[in-house]
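Subject: Structure handover

Hello,

Here is the structure I promised to pass on. Please open it first, then read my notes below.

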Amino acid sequence: MRVAFDIGGVLSKYPAQFRDLIERLSDRGRAAGIFVISDMHPKEKLVTLMRLNKIPVWEQNLYCADFDKHGEGCKAELLDELKIDIFFDDHISYCAAQFPGAYPTIRCLVWPDASMPYTADDWITPPEWPTFGRNSYRRSQ
């Protein structure tokens with residue numbers, strides 16, 4: 001079983017829950033089957049975020065999707081290439097894009113919750129990085 005996770009809006013929004021899931025899958029000897037697929041570049045950013053947030057994914061299983069080359073099909077290309085069985089992403093196009101004959105990945109949409117920040121308060125980023133996604137929607141009464 002190969003399971004992949006997006007970072008922004010998935011791992012960054014629900015770090016505790018997905019860290020727990022990844023750790024439980026890893027405890028069952030499936031660490032080699034855990035992947036991160038992001039459209040963030042370069043790969044060093046992914047490595048940094050996984051280390052800072054103690055997400056136990058092997059560095060060789062971190063992948064940067066090529067949006068410039070494949071557009072919204074960029075993650076579908078990697079899902080097929082890596083033979084990913086289950087994929088979690090918050091971007092509907094990344095969950096929907098699948099081409100004929102592709103590996104039959106189960107795509108799980110992490111439905112956006114505007115009342116929660118895109119990046120959880122306990123999600124760690126280097127101090128020199130922008131503080132993207134820390135705001136959440138608050139409806140005035």
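**Salt bridges**

Asp6 and Lys75 join their side chains in a salt bridge, with N to O at 2.8 Å. Asp6 sits in the loop between strand 1 and helix 1, while Lys75 belongs to helix 5 (residues 74-82), so this pair ties together parts that are 69 residues apart in sequence. One caution before going on: this is a predicted model.

Are the two partners buried or exposed? Asp6 has 4% relative accessibility, and the cut-off for buried is under 20%, so Asp6 counts as buried. Lys75 has 1% relative accessibility and also counts as buried.

How many salt bridges are there in total? The count comes to four. In general, side chains of opposite charge can pair when their charged atoms come close.

Next, look at helix 2. Arg24 forms a salt bridge with Asp20, and their closest N and O atoms are 2.9 Å apart. Both residues lie in helix 2, four residues apart, which is about one turn of the helix. Arg24 is partly exposed, at a relative accessible area of 48%. Asp20 is partly exposed too, at 34%.

Then there is Arg51, which forms a salt bridge with Glu59; the closest N and O atoms are 3.1 Å apart. Arg51 counts as exposed, with 58% relative accessibility. Glu59 is partly exposed, with a relative accessible area of 39%. Shared partners also matter here: salt bridges join Asp6, Lys75 and Asp89 into one network.

What is the strand order? The open sheet has five strands in the order 3-2-1-4-5, and the pairing is parallel. Strand 3 (62-64) and strand 5 (106-109) are the edge strands, each pairing on one side only. On average, neighbouring strands are turned by 20 degrees against each other, direction ignored.

Take one pair as an example. Strand 2 and strand 3 pair in the parallel sense over three bridges. Within strand 3, Leu62 stands opposite Val36.

Two helices to check here are helix 3 and helix 5. Helix 3 packs on the sheet and touches strand 2 and strand 3. The direction of helix 3 makes about 140 degrees with that of strand 3. Helix 5, the one that carries Lys75, packs on the sheet as well. Helix 5 touches strand 2, strand 3, strand 4 (86-89) and strand 5. Its direction makes about 155 degrees with that of strand 2.

**The nonpolar cores**

The largest nonpolar core has 22 residues. Those with the most contacts inside it are Phe5, Ile7, Leu11, Phe18, Val36, Met50 and Trp123. Which elements give two or more residues to this core? They are strand 1 (3-5), helix 1 (7-11), helix 2 (15-30), strand 2 (34-38) and helix 3 (43-52). Helix 3 gives the largest share, four residues.

Leaving aside residues up to four places away in sequence, Phe5 touches Leu11, Phe18, Leu21, Ile22, Ile34, Phe35, Val36, Ile37, Phe87 and Phe88.

Over to you.

Best wishes

Terms used
Residues are numbered from 1 along each chain as its sequence is written. This is a predicted model: local features need pLDDT of at least 70, side-chain atom pairs count only at pLDDT 80 or more; totals for chains, interfaces and linings use all residues. Side-chain values use heavy atoms; hydrogens and water are left out. A nonpolar core is a set of buried Ala, Val, Leu, Ile, Met, Phe, Trp, Tyr and Cys residues joined through side-chain atoms within 4.5 Å. Buried means under 20% relative accessible area, exposed over 50%, partly exposed in between (1.4 Å probe, protein chains only). Contact means heavy atoms within 4.5 Å. Two strands pair if DSSP finds at least two bridges between them. Axes are lines fitted to C-alpha atoms, for helices over the stretch in contact, and angles run from 0 to 180 degrees between N-to-C directions.
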